[in-house]
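Dear colleague,

I am handing over the structure below, and I would be grateful if you could look through it alongside the notes that follow.

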Amino acid sequence: MMAEHLSRSELDYPFKLLEYFNGFRVSKVIFSACELGVFDLLLRSPEPMSAQHVARELSTSVDGTERLLDALVGMEILEVETSDGAAVYSSTDVANLYLARGSSKSLHDMIAYQSQTVYPLWNHLADAVREGRNQNEKAFGLPPEDIFQAVYRSEEEMLRFMGLMNSSWVLDGHDIATAFDLSGFQKIVDLGGCTGALAREMAKAYPSSSVTVFDLPQVVETALKHFPQEDAGAVRFLGGDFFSGELPPADLYVLARIIHDWPEEKCLALLKKLYDACKPGGGVLLVEALLFENRRGPVTAQIFSLNMLVQMEGRERPPSGYTGLLNRTGFHDVQVCRTGKSYDAILAVR
Ligand code: SAM
Ligand code: ASE
C-alpha cells in the first residue's frame, strides 16, 4: 500500500500538495491544544484520561475535545488505549518535554507567539508579496517603517515576543555558543540580546569571558522583571540604541537575528559602526538561519525569509549574502558554521 503510494506520481494523486494544504490546520491543532492546556493536564495526570475527563478539567465541550485529542493521536503527539471499552489518552515523551508549560525545554512561548501573532500576520502574505513590504499597517494600523513599534505595540505583545526570542535558544543556544571557539574574546556584547537567553549560553560556554546584553531600555527593564535568571550575575544588562547610541566596548559583538530584521542600508550602517568600535582582532558573530548558497532550501529558512517580509524589513540570506555585507564594511576572515539546526553562525574579524 505504502510502496504503491510512493511509486505513484504526484500527477496521479497530489499527496504532497494535499498535505501542504493541511499544514496550517495541523499547526493550529498543536497551538490550540497548547493554549487549552491539554499537554499540561496530561503531564500532571497520574493515569490516562478519557475525553470526558479532559473536557471537564479544561471546561471545554466533550465533542470538540474528543476530536482534538483524536487528531493529536493521528499526528502521533498523544497516545490512546482502550480501557473498559472507553478510549483513554496519555501524553508522549516529546509532548511532555516540548509542549507542556513547565519543562526546562518547553516551547510553549514559541507556540504562543506563532499562534497569536505570526498566524494572523500570515493572513496578509499575498499582500506582502504584492507590495514587497510588511503588513503592520493592515494588521495593526502601525507604520511599516517602525518595525519594533509594531513588535512592541503593547506590553502583552512585548512579553510574547520576548518569550519567543527566549525559547529559541533552549534548542539551538549551546550549538551556537560552541559553533566556534570564542574563548579568546574576553569581553562579549550581545547586541539586541533581548532576554539574555543566548548570552547565558555564551557565559556558560566561556566562563572566563564577561558577557553583556545590550538592548533597548524598555526591553532590558522587561527582561530583568519578567525573565529572571537563576544564575543572575552571569550576564550583565545595558540599555541603549545600537543605531543611534554609543556602543559599549567589546572584543566580540554578537548579532543574533538582528541583520535579518533590517533593510540592507541599515545592516551596512550597523556593521560599519561595529567595525569602527572593534580593535584589530576584535570580531563579530552573526547568528541567522542560513539559506543554501543556491537559495533552494532549507524550507525553514525560506519560510523565515517570507516571515521577515510579512513582519519586518529584512530577509534571510545564503552565506555569500553575509560575507558580502561583512567584507563591504571591512571585516575579513569570514567563517561559516552550519549547525544543522534552525540557526547557524558566521564569525568575522577586524
Ligand atoms: N538577539 C535576540 C535573539 O536572537 O533571541 C533577539 C533578536 S530580536 C529579533 C531583535 C532584538 O533587537 C530585540 O530584542 C529588540 O529589542 C532589539 N532591538 C531592536 N532595535 C534595537 C535598537 N535600535 N537598539 C538596540 N536593540 C534593538
Ligand atoms: C525576528 C524573528 C522572528 C523578528 C520577527 C520574528 C521570528 C518570528 N517573528 O527577528 C522567529 C523566527 N522566525 C519564524 C518565522 O518563526
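Which residues make a nonpolar surface patch of about 610 Å²? The patch is made by Y13, F15, L17, L18, Y20 and F21, where a patch consists of residues with over 30% relative accessible area and no salt bridge, like charges being joined within 9 Å and nonpolar side chains (Val, Leu, Ile, Met, Phe, Trp, Tyr) within 5 Å. Accessible areas come from the Shrake-Rupley method with a 1.4 Å probe, and for residues only the protein chains shown count as cover.

Please keep in mind that this is a predicted model, in which local features need pLDDT of at least 70 and side-chain atom pairs count only at pLDDT 80 or more, while totals for chains, interfaces and linings use all residues. Residues are numbered from 1 along each chain as its sequence is written, chains are lettered from A and ligands numbered from 1 in the order in which they are written, and side-chain values use heavy atoms, leaving out hydrogens and water.

Twelve salt bridges were found in the whole structure, each being a side-chain nitrogen of Lys or Arg within 4 Å of a carboxyl oxygen of Asp or Glu. One of them joins R130 to D127, with the closest N and O atoms 2.5 Å apart, and another joins R133 to E131 at 3.7 Å, N to O; D127, R130, E131, R133 and K138 are linked in a network of such bridges. A further salt bridge, between K341 and D175, has its closest N and O atoms 3.0 Å apart, and this pair links distant parts of the chain, 166 residues apart.

Methods: Helix = DSSP H or I, 4+ residues; strand = E, 2+ residues; numbered from the N terminus.
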